[in-house]
Amino acid sequence: MAFVHLDVRHFCTLLICTTFVSVPSNAEIKVNPPEDFEIVDPGYLGYLSLQWQRPLFLDNFQDCPIEYELKYRNIGSKYWKTIITKNLHYKDGFDLNKGVEAKIHTLVPAQCTNGLEVRSSWSEATYWTSPRGNEDTKVREMDCVYYNWQHLLCSWKPGVSAHLVTNYQLFYWFEGLKYAIQCPDYIKANGKNTGCRFPHLESSDYKDFYICVNGSSESHPIQPSYFIFQLQNIVKPLPPEYLSLTVENSEEVNLRWSMPKGPIPAKCFIYEIEFTEDDTTWTTTVENEIQITRTSNESKKLCFLVRSKINMYCSDDGLWSEWSDEQCWKGDKWKETVVFFLIPFAFISLFVLVITCLLLYNQRALLKTIFHAKKEVFSHQETFF
């Protein structure tokens, strides 16, 4: 009887251990990280290729959809970009003024490992451009503007410690070009390159635009500068034209203008209005013409001007155009017209009246003189006879 009781106790203990202390069947499943992970620079001024090979010893997962988790960033950045892919390469743009770091590991999906995803250890890679030149030799105050979404112009100033003999060259690339291209039309000052006028850039919108400005000097190396932007975010349009200001019912003021000239669609504009009523000025942002109410019916001067910018539906950012010419309304036009014609008319009428009076006065005096002369002649004749 004791023997049976002991077996029951052992059986319960075995059952409890099997239920609550069981080890997952995939605890020993392991997978290797990708092989030959590297960051390759094809010469596109910051558009790099991250590439790798399949891990070793994947025989047990031949029928599994192996994936890779890739993380990358510029060195010093707080945030990693994360990509899940089945490919053996990935491309993206980086700021080559800084280093690049990336890491990748292999992912085996849960359906291949009894319900638990398996990850390999990380494989890591870094990339730096070849260090050369002092930081103070880089160009300063780089400024690029895409005028009216048609003409790109960039300008810069020489580095602080760059010698007078230093000259700079600009190269650019965007997806669609086979290789980086040097600026074909430099802006020069004292024989040195200080900017670039770009040719027509077909199919370059809404893509990363990469620029490198490096230099040459016989005395010391020049550190290159790298820039990345998208052209639609640096567009500076033309200002609106043909402004119109009309006052209705002595209170409502209608402000209208024509769309700026050029290839930019009407749906891409936003406008800033600067409105002046007598000595008070305020600004507001609108999408099209606007109607406002005068603060006083006695206001004598209403003026406005307007400038344009690419809106949030067509770009992430943009540059305001120059201000348009000012359009004004001064007082009641009918009154202005009356005053304009009445005052000269009054002066002319007074002048004519004075002249007429003088002429009549002179004529009357002349007639009186003639009358007296005839009277004297007649008196002499009577005396003679």
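A charge sits over a ring, in what follows, if NZ of Lys or CZ of Arg is within 6 Å of the ring centre and within 35 degrees of the ring normal. With that in hand, hello everyone, and let's start with lysine 103. Its charged end sits over the ring of tryptophan 122, 4.9 Å from the centre. Lysine 103 also lies over the face of tryptophan 80, at 4.7 Å from that ring's centre.

A quick word on the source: this is a predicted model, where local features need pLDDT of at least 70, side-chain atom pairs count only at pLDDT 80 or more, and totals for chains, interfaces and linings use all residues. Residues are numbered from 1 along each chain as its sequence is written, and side-chain values use heavy atoms, with hydrogens and water left out.

Now, the rings. How many aromatic pairs does a search of the whole structure find? The search finds 18, counting rings of Phe, Tyr and Trp (its six-membered ring) with centres within 6.5 Å; planes under 30 degrees apart are stacked, over 60 edge-to-face, and the rest tilted.

Take tyrosine 72 and phenylalanine 94: they pair edge-to-face, 5.4 Å centre to centre with 65° between the planes. Tyrosine 72 is in strand β3 and phenylalanine 94 in the loop between β5 and β6, so this pair ties together parts 22 residues apart in sequence. Strands here are DSSP runs of E, at least two residues, numbered from the N terminus. Both residues are buried, meaning under 20% relative accessible area with a 1.4 Å probe, protein chains only.

Phenylalanine 174 and phenylalanine 209, by contrast, are stacked, at 5.7 Å and 20°. Ring pairs also link these two with Tyr172, Phe198 and Phe229 into a cluster. Thanks, everyone!

Conventions. Helices (H or I, at least four residues) and strands (E, at least two) are DSSP runs, numbered from the N terminus. Buried means under 20% relative accessible area, exposed over 50%, partly exposed in between (1.4 Å probe, protein chains only).
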